[in-house]
Amino acid sequence: MDPVLLGEVLSAVMFFGVIGVLMLGFPVAFSLAGTALIFGLIGWWLGVYDPSNYGSLAGRYIGLMTNEVLVAVPLFIFMGVILERSGIAEQLLLTMGKLFGNLRGGLALSVIVVGALLAASTGVVGATVVTMGLISLPAMLRAGYDPKLATGVICASGTLGQIIPPSTVLIFMGDMLSGINAQVQMEKGNFAPEPVSVGALFAGAILPGLLLVGIYAIYVIFKAITDPKSAPATPVPEDEKQHLAREVAVALVPPLLLIVAVLGSILGGIATPTEAASVGSVGAMLLALIRRRIDLSILRQAVISTATITSMVFIILFGAAVFSIVFRMMGGDNLVHEFLSSMPGGAMGAMIIVMLIMFLLGFILDTFEIIFIVIPITAPVLLALDVDPIWLGVMVGVNLQTSFLTPPFGFALFYLRGVAPAHVTTGSIYRGAVPFVILQLIGIAILFAFPQLITWLPDVLY
């Protein structure tokens with residue numbers, strides 16, 4: 001067999017092989033690196049892979065560990081963990097529940113609003129879903145909400161942290177797309193390409209995030225009108241209404257100040273994402289201190305949790321680097337380029353195929369696994385076809401948000417299952433997520449039809 005064709009066949013088999021290994025339950029990072037090493041040995045034996053390519057791994061790892069942009073990841077995670085323990089989420093949920101309680105579907109609307117605020121101030125999906133599941137789910141069930149609607153709106157609102165800045169996914173996406181775009185543009189003869197910054201991706205994600213919030217709210221209002229029993233009103237006692245305005249101000253001002261300090265400094269060009277993340281971390285500790293919700297024990301737990309999450313993400317990234325090298329050097333990138341370039345519809349046809357593949361992978365893989373595997377393989381082709389890198393990054397972020405909601409491995413579903421009452425079945429949680437997955441797809445379709453929703457704000461600010 002022709003060596004080029006043999007290498008492409010091996011790379012394709014390796015891609016599906018690593019998905020199979022992940023489905024067997026092996027650790028992600030070791031599955032990626034281990035499968036790549038095995039296929040690298042097979043390729044070496046068949047004469048289609050040179051093992052000296054592994055020599056570039058050391059430089060790549062050092063580059064990742066010394067990358068100043070990626071320092072923002074543990075800082076934003078730390079900020080989210082501290083805010084989770086400061087009581088801000090609980091106070092927001094209780095206060096917003098009172099504010100919207102007189103409306104049918106009011107509790108569900110309050111969950112959506114709080115989910116968006118927590119996404120913009122913490123960005124930690126697991127903590128948001130668990131907190132809302134512990135506080136809002138019992139209240140909604142006591143009020144007579146349909147368990148499917150209650151669980152679905154909590155899971156969907158909790159995942160907004162994936163796309164509403166500051167999002168760790170967008171930080172990694174910005175770093176990856178920046179390097180890939182520079183390489184692609186240089187190959188096309190453009191030696192001074194426009195940089196792809198994390199700040200521009202954050203700006204591009206704001207309107208799509210608000211679009212999803214609006215779509216969720218419209219769905220809840222529709223359910224409240226067409227099926228009132230599924231989302232009844234929960235009137236607030238008269239004696240509690242007297243101090244409601246003060247409670248709303250006290251609950252809203254701290255997170256809004258933090259959002260302005262972090263996102264405002266990034267979008268205004270005052271600070272880099274890393275600098276803004278450090279400001280946010282200090283601000284979160286100050287808020288927790290003001291509320292007297294922080295001590296050495298809580299600080300220790302927050303640091304350990306941050307280190308654990310950060311280590312998990314970066315070890316997956318290191319494993320994906322091994323996979324990417326073997327895949328590309330065996331000719332897999334040429335195979336992907338030929339496949340996507342031959343799609344009808346040109347760049348848009350190729351983009352639809354990539355988005356469909358990512359959506360399907362979301363049923364079985366985690367967000368970070370998907371971006372670390374798929375982006376290095378497909379982004380060079382899409383950018384070579386003149387797809388806007390900011391639009392691409394945000395579209396991928398919105399698409400992968402659905403991976404938290406799609407059974408059987410949607411992490412938001414697992415988080416909620418862990419704190420939901422026993423009488424709320426896993427089937428109800430899964431069925432409750434389905435309408436919101438459809439709403440996500442509607443949001444993606446709108447962003448396809450109107451790409452200016454993503455590109456307009458970065459063009460204005462940058």
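At 12% relative accessibility, T274 counts as buried, where buried denotes under 20% relative accessible area, exposed over 50% and partly exposed the range in between (1.4 Å probe, protein chains only). The structure is a predicted model, in which local features need pLDDT of at least 70 and side-chain atom pairs count only at pLDDT 80 or more, while totals for chains, interfaces and linings use all residues. Residues are numbered from 1 along each chain as its sequence is written, and side-chain values use heavy atoms, with hydrogens and water left out.

T274 belongs to helix α13 (residues 273-290); helices (H or I, at least four residues) and strands (E, at least two) are DSSP runs, numbered from the N terminus. When neighbours within four places in sequence are set aside, T274 is in contact with E68, V69, V71, A72 and L75, contact meaning heavy atoms within 4.5 Å.

Just after α4, G87 adopts a positive phi of about 90°.

The largest nonpolar core contains 161 residues, and those with the most contacts inside it are F172, F323, I371, F372 and I375. Such a core is a set of buried Ala, Val, Leu, Ile, Met, Phe, Trp, Tyr and Cys residues joined through side-chain atoms within 4.5 Å. Helix α10 (residues 198-226) gives the most to this core, contributing 14 residues. F323, one of the residues named above, is found in helix α14 (residues 296-329) and is buried, with a relative accessible area of 1%. Not counting residues up to four places away in sequence, F323 touches M14, F15, V18, L32, A36, I373 and I377. The C-alpha atoms of F323 and P389, 66 residues apart along the chain, are separated by 23 Å.

Twelve aromatic pairs are present in the structure. Rings of Phe, Tyr and Trp (its six-membered ring) are paired if their centres lie within 6.5 Å; planes under 30 degrees apart count as stacked, over 60 as edge-to-face and the rest as tilted. The ring centres of F15 and F16 are 5.4 Å apart and the planes stand at 85°, so this pair is edge-to-face. F15, a contact of F323, is buried at a relative accessible area of 17%, whereas F16 is exposed at 60%. The rings of F359 and F363 likewise have their centres 5.4 Å apart, with planes at 90°, so that pair is also edge-to-face. F359 is buried, with a relative accessible area of 14%, and F363 is partly exposed, with 27%.

The structure holds two salt bridges, each defined as a side-chain nitrogen of Lys or Arg within 4 Å of a carboxyl oxygen of Asp or Glu. One joins the side chains of K148 and D146 (3.5 Å, N to O); K148 is partly exposed at 33% relative accessible area, and D146 counts as buried at 19%. The other joins K188 to D386, the closest N and O atoms being 2.5 Å apart. K188 lies in the loop between α9 (168-187) and α10, and D386 in the loop between α17 (367-384) and α18 (389-401), so the pair ties together parts that are 198 residues apart in sequence. K188 counts as partly exposed at 42% relative accessibility, and D386 as exposed at 61%.

In helix α21 (residues 452-461), the buried residues are I454, T455, L457 and P458. These residues cover an arc of only 165° around the axis, which puts them on the same side of α21; the arc is that of the directions from the helix axis to the C-beta atoms. The buried residues of α21 pack against α10, α18 and α20 (426-449), while the face turned away from the buried side carries the exposed residues D459 and V460.
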